[in-house]
Amino acid sequence: MKNFRKYAGQYFLPEGETLDWVHKDALTAPPVWCSVDLRDGNQALAEPMDEDTKTEFFRLLVEIGFKEIEIAFPASSETEFSFVRRLVGEGLIPDDVTVQVLTQSREHIIRRTFEAIQGAKNVVVHLYNSVSPAQREQVFHGGREEVKAIATSGAKLMKELAEKEKGNIRFEYSPESFTSAEPEFAAEVCNAVLEIWAPTAEKKAIINLPATVETAMPHVFAGQVEYMRKHLAFPQGRVLSVHPHNDRGCAVAATEAGLLAGAERVEGTLFGNGERTGNVDLVTLALNLYSQGVDPGLNFENLPYVSSMYSRLTGMRIPERQPYAGELVFAAFSGSHQDAIAKGLKWREAHPQAAWNVPYLPVDPRDIGREYEKDVIRINSQSGKGGVGYVLESRYALKLPARLKEAFSKVVKRVTDEGHKELQPAEIHELFLDTYLRNRRYFSLSEPHYRQREGIDAEAVLTDGRGETHALSGHGNGRLDAVSNMLKAYLGIPYSLNGYEQHALTEGSSSKAITYLGVAEGEIGCWGVGVHDDSTTSSVLALCAALNNLLAMREKAGAVTR
């Protein structure tokens, strides 16, 4: 791309050593979560939510478990102001939830914000102004002292107004465009604000570090966060927070690095909604913690419900590959992947107390409301016998012999390849039944009658493909052998049995038996399946189905059959 020379890194590396965080390899506790869906996410929507929709979304966030929720920029519009008044006035805010409101450092906006929160029990008033060189030069047309004065004047007014309110009001300050500002100047401004607020361990102030535009790799952000942790005043009286955006696609990584560097709180949105490329995705962050054995403190045990609510309320679509929530994120179409997953899940049945370590599945899909059969093993032309077998066993209790599993996977592959489509579990089951159980094109057999005489005699009536009936009899060592000899004589085919397995479909006295039976004539092998209350009848039905399939293959090959 020819214009690459016009760009340069718009960030500042802190001076001094800021690499403590690199010696940590894991997060062991969740941060304080603050959802900004109703403010930052809402202002990014082409059609912002109305009051009723925002109220429903607020209830969803409370249900998930958020204890801090930024609900509005009250001075930005009458809808925003009215929404805050509705939550406060109608008592919709639980006592253990703190709401947060945003304000620029401008007098009339701060005063309007305090009008909105009158009567709120627990509230954070969030003050911000930009401190980056680009904003100082191009927007404010001032230097460092002028920009710092904007912050301190707003901080003073907030403290003055808060003293007149009865509720528990805490303060937050964000040096907007933090990642594009000189770290020492950002710390200078934040400390000037803290000096005014004089926070204590009992009533802490929040210093929030926004990656208003993500400008560098995650390790740079971690260094900036660590620098602030080391240089901010009132260490016992402040909470260090981050507010990453995703312009470079690194918001999750940058946030995790920032937490390693000392951040204690994260502002973000469900599924990363927000301006431009969005805010950091709190669902991904929380479930990343969960996947490492840390309770995130947020409830995503029914993630499909959260996803559907989010899409309905915001009008936003969740991409198919969105971590954890996307439709296809657990899906395995590859035959080798399906086989490994199926074997891993089988291993877990024998080792239920072991740590989760199933191939290709970073978390147990069922823990977040997903289903193995629907979301994990997906069957298309790339799938193999492991996936097909898993679907039939997990959904329909069919435990196919290995050779039948392989044979049927070829049938599935042919259908999916020719149709260029994925098969759903019900379609796979129907295809299996049509292929191996329902084939009566060439003949069907009435239930045989047996008599024991130096072995077993069997008699039955065969109805051929033209509808004509034939009385047959045969003798063998057992009932199935007698029927098989009867059919060999009638068909004139010297086939042999080369596979037989049987199991109960369900537990209990009323369970049906299912039989998988293979026959072979030379190099040609076919399978059939039978299901019946009686195990012998089940075997006979399977034999008849297998022979119907053999006759079909002989006809295709041009062989002559009686």
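Phe-432 is buried, with a relative accessible area of 0%; buried means under 20% relative accessible area, exposed over 50%, and partly exposed in between, using a 1.4 Å probe and protein chains only. This is a predicted model, in which local features need pLDDT of at least 70 and side-chain atom pairs count only at pLDDT 80 or more, while totals for chains, interfaces and linings use all residues. Residues are numbered from 1 along each chain as its sequence is written, and side-chain values use heavy atoms, with hydrogens and water left out.

**Aromatic pairs**

- The whole structure holds five aromatic pairs; rings of Phe, Tyr and Trp (its six-membered ring) pair if their centres lie within 6.5 Å, and planes under 30 degrees apart count as stacked, over 60 as edge-to-face and the rest as tilted.
- Phe-408 and Phe-432 make an edge-to-face pair, because their ring centres are 5.2 Å apart and their planes stand at 80°.
- Phe-408 belongs to helix 15 (residues 402–419) and Phe-432 to helix 16 (residues 425–436), so this pair ties together parts that are 24 residues apart in sequence. Helices (H or I, at least four residues) are DSSP runs, numbered from the N terminus.
- Phe-432 also forms a tilted pair with Tyr-436, at 5.3 Å centre to centre and 50° between the planes.
- Both Phe-432 and Tyr-436 lie in helix 16, four residues apart, which is about one turn of the helix.
- Is Tyr-436 buried or exposed? Tyr-436 is buried, with a relative accessible area of 6%.
- Phe-408 is buried too, and ring pairs link Phe-408, Phe-432 and Tyr-436 into a cluster.

**Charges over rings**

- Arg-112 has its charged end over the ring of Phe-81, 3.5 Å from the ring centre; a charge sits over a ring if NZ of Lys or CZ of Arg is within 6 Å of the ring centre and within 35 degrees of the ring normal.
- Lys-488 places its charged end over the ring of Tyr-495, 5.3 Å from the centre.

**Cavities**

- There are three cavities of 30 Å³ or more; a cavity is a set of points on a 1 Å grid over the protein atoms alone where a 1.4 Å probe fits but cannot get out.
- The largest cavity has about 80 Å³ of space, where a volume is the space filled by probe spheres set on the grid points, which are joined across faces, edges and corners.
- Residues lining the largest cavity include Thr-179, Glu-214, Phe-221 and His-245; lining residues have an atom within 4 Å of a point.
- Helix 8 (residues 218–231) gives the most to this lining, with three residues.

Conventions
On a 1 Å grid over the protein atoms alone, a cavity is a set of points where a 1.4 Å probe fits but cannot get out, and a pocket is an open set with protein on both sides within 12 Å along at least five of seven lines; lining residues have an atom within 4 Å of a point. Helices (H or I, at least four residues) and strands (E, at least two) are DSSP runs, numbered from the N terminus.
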